[in-house]
Structures are given as C-alpha cells and as structure tokens.
Amino acid sequence: MGKYITKRILISIPLMIAVVLVVFLMLQVLPGNPVSVMMGEKANPAVIERVTEQMGLNDPVLVRFGRYLIDALHGDLGISYKLNRPIATLIGEAFPNTVKLAITAALVAWIIGIPAGVISAIKKDTLLDRFLMGFSLVGISLPVFWAAMLMQFIFSAQLGLLPISGYTTWKHMIMPAFVLGWASSGTIARLTRSSLLGIMKNDYIRTARAKGIKESLVVVRHGLKNAMIPVVTMMAMQFASLLSGAVMTETVFGIGGIGVLMVSAVNTRDMPLLQGSVIFSTMIIILGNLVADILYSFLDPKIREQ
Amino acid sequence: MKKKLFAALLSAAMIATCLTGCGGGDSGSGDGNGTGGVSYDDGFAENVLRITYDHECESGDPRQTTADYIIPMNIFDTLLITESTPDGGSELNPGAAESYEISEDGKTYSMHLRQGIKYTNGEELTADDVLYTVDSMLDPERNTLNSPWMDMLVGAQDVLDGNATTVEGKGIIIHDDYNFDIVLTESYAPFLATLSTPAWSILNREACDAADEAGGGKTGTFFGSEPEYTIGSGPFILKEWVLNDHIYLESNPDYWRGAPKIDGVLIKVVTDAETERMMFDQGQTDIFDLDNAPHLLPEYTTSEQWKDCIVPKVTFGVSYLAINENIEPFGDVRVRKALQMSVDKQTILDTLYQGAGVVAHGMYPASMLCYNKDLPEIPYDPEAAKALLADAGYADGFDMTIATNSSDDANTKELVQILQAQWGQIGINVTIDQMDEASWYDVRATGELPMYKATWWGDFNDPDNFIYTFFSGASTKTRSFNYYNTEAIARIEAARHMVDEAERMEEYKELEKIVIQDDAAWIPLFHLEKTRVVQPRVKGFVPHWAGWGDCSYYSVELVAAE
C-alpha cells in the first residue's frame, strides 16, 4: 500500500516539471513582443525597447526558463505585465473563490447525482428512472453559459430572488453552484446507476438477499459500497477539475476565480500571468488525480493487496 | 403511482411558470431611484455611485498603465484640468497649479501651486512632489510606460539613460514649496495641455517611497495596487480593491475643491455584457456604457423608460483606415483617392454603430481647437473611383490585404468584411489577414503592415496630439503609413515649436488638408459617439471631455426620485 502511494507520488514529480517546461516553451514560441501589446495604440519605440530590456525579454529562452524555474521553486511566479502585481498574490486571491465555487458545486453534484443514480438503479426502467436520467442528461448537455444566463434571467431579473453577479454573500453562491453542480451531477448519476446495476447482479448480493437481509441494507451496505469505487474516483477528478477554474461560470457570474484570471491573461496577453495560472491549474489536476489514485487504493481491496 | 408522480411534476412546473410570470412586470426593470425600488445586493451604501468595468483594472499607478486611468483620474490631482464646455468643446482650467506663466521662447513654464492641498497621508502637495513625479517616471529601474510625456524636459534623457537620477535644477527648478519652473529642451506649444493628462498625476514622494519599500523595491511597488499605499490628493480615496470583483473609491472629505456629493464610487468588474445589462435594468448599477453592448443601443434609445436617460458624447477621436504607401499600388495617389471615394461610410456608421457618430472627412474632431468646418467633404462616388483607378492603370482592379488583429472588436471585424464587399464592387479583391495582436503590433512597427483599421482617442486638445502622432518622420514608418511627403512632414515637426498660437492653428488646418485630402494618406472614417444610459437618480454626470470611458465622477450627485 505504502509502496503504491510512493510510486504514484514519484510519478507525479517529473510530470509536474514537464508541465512547467512545456507551458513555458509554448508561451515563449508565440510571436510578438508583449510590451507592444502593453502599450497598444500609445506605442512608443523607445519605451518598448527600454521596457523589453528591463523585463529581461531579450535574454535567451533557456536563461529565462532557468530563472523562472528557480524563482518558481521559491514561490515567485513573476509579476503580471498588466496588473503589475506578483502572480502568486493574484493566484492567492483568486483561488479561495474557486475553492468556494468548487466545494459548493461539488456538494450540489453529489447531493443530486448520488441519490438520483441510486434511485434510478433501484427503479430501473420506470418513469422515475427515465425522469432522473433525463434530468441528468440535460445537465450534461446544456451549455453552462446558457444555463447560467437562463437562471440569471429567471431568478434575478424576473423574480429578483438572487443577485445577478458578484461573489460576496451566500446568496451569490447559489446560482453558480447549481449551474456547475448540475452539469457534474449528470455524470455522477449515470455512473452510479450503471455501476450499481452491475454490482446488484453479483452472487454475493443474491446471497445477502437469500439470508433475508432487508433490501435497503442490501443496496446500501453490499451494493452501494462497492458501486461507489469508480464513482468516488470520478468525483475526485471532477473536484480537481473544478478547482482548476470554471471559466464560463466564473465569467458569467462575475466570480474572481482562477478561470477569470486565465481569461483576462489571454485577453491581455499577460504571459507571466497566463503561465502561472495554467501551471497552477495543471498542478491542481495532477494532485487531484494523485488523490483519486490514493483514494481508489483505499476503497478497492484488490489494489490494496497488490 | 406513475399518475401521482406525473401530477406532482406538472404542478411543480406550473408553480415555477406562475412565479416567473409574476415577476416579469416590474422587478425586472428596477426604478433605480434609491428610495425603495432597489435593494442593493453589494453591501455598499445607497449614496454610492455604482459603475461597471468590463475587465480588471490594470493599475492605479499612472506610471504603469497607458490604458486604464479610472483610478488616477479620481484619486490624484494634475497641475491643470481639462474640462468639457457646454458647447461640446473643452477648456484648460487651473488644477493643483493655480496660475502659470510661459517664457517668450516657449521653453520655460513657471508654475505656482495652490497652497494647502493635502494628500490623504497628511502630507502637503509641494514642488518636491512634482519633481518626484518626473524623476520616478523617467527612472530606468522602473518599467514605466508613460515617460514620453516628460522626456522633453531638460535633463530627462540623462535620467532615462541612467546617467543622472534627477532633473532637479535642469528640467525642474524649484524656487520654494509652491513655485517652480518646468524647462523644456525646445519649445513645445501643446505642453500646457499635456499637464492635464493622467500621466501627469502628481504623486507624493513619501507615500511612493513607503509603497516601494513595502513591495520590496521599485518593480514590486505596492503603489497603485494596494489601497493602503496608494495615496493621492484627489476627490476620492482608493479604499478597497478586491481583485476581479470590485474597486471602491471613497469620497475624500478634505478635497481642496470640496468633498464630492456622493459617498463613493463602486466599480464592479463585470466581464459579461448580458450580465451587465441585467444588473443595470435591475437598478444594481447606475451607469451602463453601451460601448460594451453596442447591439443594445437601439433598444435603450427608443425605450420609453430610458430614452431620456441617454448621455451621448461625440468622442475626441477618429476611426481611420491606414494606407501603407510602400505596398503597391498604394504609392499612387490616384489609387488612394479612389479608395477614399469608394467607402460608403454613412452606411457603415448606420449599420454597425446605429448611426452613433459623424462621418469624418479629415483628421480632427469637431471639438478640436483648429477644427476646420470648411474642409471639403470626401464624396462617396464609386463611379469616380473607378475612373481614377482606370487612369492609374488599374481598370480591372487589383488584389490587396487588410490586416486585423485578434483583439479587434466585433464591429471592426464586420467593418472589414463590409469594405471587402464595397471595394469588390469596383474590382478590388480584398483578402482579410487575421493576425495575433502582438505580431500585428510588431509587424506594424517595422513599417510592413498592410492596410488596417484603427481608432485614435485624443489625450489633450491640441492638433499635435493627432497629426504629429501619426505623420511625424518617425511615426509614419512605425505606424506603417510610409508617408513620403517630406515637405509636409517637416512642417508637421516644425509646427509644434511655433509660438504664435493663431498661426500655429492655421498651419495645422492646412496640414490636415494636405495630408488627408490632397495626399490621401489616410481614409478617415468617423468620429464615433460614446453612449451611456444612466439611472434617473444620477445627476450631474459629465462625460470625459474627450469621450473616454474613464472619467472623473467628482461632479456626480445621487438624488431621490421625483
């Protein structure tokens, strides 16, 4: 078990370094001088030349990469060209919003997804099953920005029940959490249903029933526990993905999270900020997958034995 | 069982529909009068002006931005202030400097500061702060972007080159705390007007030094980003900055012109135009800049509810098509004139911009000091254009390219497609080359960018800010015009040094006609109008004199509904 976890962690380290290198190189090969973009129509050749030199943009790529890597290991991801602040600070201020959004959305997804999947499996092929699976399908299929705008229109513009934009009070969190959670709940519901249906056909379930155990106990204790192994893995990966930034949801609801930070970096061609936020998001996904792997090993005795 | 479930679902759907229908009538509009129609969900007081910004503001430090001036314009003072006049023009008024004299040779500006102007850290604004402002803008250890506003001072180049640390005694000569001279290397007639631009915001030495120290140095300074360290003397105080959420500017009760009538300005970052529209309709924001959603212009301007709340302002700017004379066949003036005459500008203005603006036949907007109302119109005449092309040897047309860049707005992208169609009618085959923004700027700087559309927003009311910016010897190449009338270029470069103001203005009028109409070096398109819609409770809102999106909110008052 310990060996398995150590192996997974060791695999993750070179992956992280590779990500830093690839992201850095990809952004370096893009043509054009970012200082020209910073100045826009007010471009002045003398200023562009001076600031380019001051920012070290004339140095060879390898020198810049070495400098970036050393600084990054010290927690310094550079300074944003446009916002003129340390990138680590910008990420540090945006990440709590993304975490709040991820947690609330994941809760919505789990609260809707798991019971929906279980009920659908138990009530297989009934109207309820079809309704719940239909609801899940709509959640997966509906573009997030459209669902978000629809909710804004109904609950804010028409009913005036919830605030349209911003992220300061608990009321602000309801719509974004539901929009994002609904999309994720569909996947969880469908996976829970199929997994549970598969498990319920096993011999040990038949044995449990033959012993006269109550059906609800059979489902929960013997069925669901085993059916949740792939579901929990999926949930961990989904959560990591949510933590890496939900661009559309954050943009429509005006949530200052990692997603919005990345979009603004792309729009303003703020390379250090884009680099820092992409690397940070990728790290979150790598760590999420690592946690999912570890969690899987705890849940699945077969892996534990290996 | 199935029937019960179906009935339950149906009932839920009906209740939801009813609730939606009930709310549609009034809550969607929100009267925004601050007396009971709106309950603000942002936690700020009612007497706070609420506006939106469609992106995170770059910096509050005027040394670090050439684009987002909303913070500097509201928290700092400038020596002079340019203000709108009722006729749509502008005038230069005293600011932190209550008076000034200009020497006969036009090189020395003796400034007299108003006494008693206080920064919010308690320091008084003195001549030393002006010196600090200049020195730090020119400091080569900072990545300052606005140094060109000050590099004409004596000794400025030495500081920029790292050979000196100050212009004291050269470009700035301090007599006492309130009196000092600004000395230029050569006369520069528009200099006075430049003193009212945000780049000339007067920064406090002590506050900036503290911000540098706290941020770990000049490049990491907290000035302009951390409210605690961003100290000014203007009508508002930078109180709160929650990244990608909001900026709050609180009224400065000790402002030398008197405290603002509002408690503060809340700038909400809203990147999505539809969200912005819903917030405004609900009364959650007070001013909606329709540049962020031009498609809504007809809706608001014709709406019974909003048509009296529209605040239009013709911008002090010009949209134009750049012609690169190095690319054949644009070296031939007949071809350039044919292009000028074959663009149906009014149709483009009506179609894409809902007619919000005026067609341009020259370079200067109507509120320019030397505006020439007698400048002949450039007619829309495709037949005459065809004849000119035939005369130039291009009766069958030719192939050409228009370069767009990735950050162009949707209207610009559509505009070039309309041009493609309009020029197609006279046989010109247009290819649209979409380029990445940084590459676009880089290629333009080499003088090799083909035709492109751009918009220039004036910084100060002087023709030099337009004609010199584009057609001075250096600029004509770096903006990819490659204009070859060396005589006109020499006159443009000389005009800025002319001391007689009336003569100078006449010279600029003549130069405009030579460059735009005789030489057809540009295709002027229009002077666009910036349109905002404001809540009825907003009174005294005066758009920026040049029609910028950023402006001072000092004059705003919020009133209860009548």
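## A cis proline in a loop of chain B

P329(B) sits in the loop between β13 (317-322) and α9 (333-341) of chain B. Helices here are DSSP runs of H or I with at least four residues, strands are runs of E with at least two, and both are numbered from the N terminus. The peptide bond leading from E328(B) into P329(B) is cis, with omega near 5°.

This is a predicted model, where local features need pLDDT of at least 70, side-chain atom pairs count only at pLDDT 80 or more, and totals for chains, interfaces and linings use all residues. Residues are numbered from 1 along each chain as its sequence is written, with chains lettered from A and ligands numbered from 1 in the order in which they are written.

## Two positive phi values

Most residues other than glycine have a negative phi. N482(B) has a positive one, near 50°, and lies in the loop between α15 (473-478) and α16 (486-495) of chain B. A520(B), with phi near 45°, belongs to the loop between α17 (501-518) and β18 (522-534) of chain B.

Are these residues buried or exposed? Counting other C-beta atoms within 10 Å, placed from the backbone, 20 or more means buried, 12 or fewer exposed, and in between partly exposed. N482(B) has 18, so N482(B) is partly exposed; A520(B) has 22 and is buried.

## An open sheet in chain B

Four strands of chain B line up as β1-β10-β9-β8 in an open, mixed sheet; strands pair if DSSP finds at least two bridges between them. β1 (48-53) and β8 (236-242) are at the edges with a single partner strand each, so one side of each has no neighbour in the sheet.

β1(B) runs parallel to β10 (residues 264-269) of chain B over 6 bridges, and L49(B) has V265(B) as its bridge partner in β10(B).
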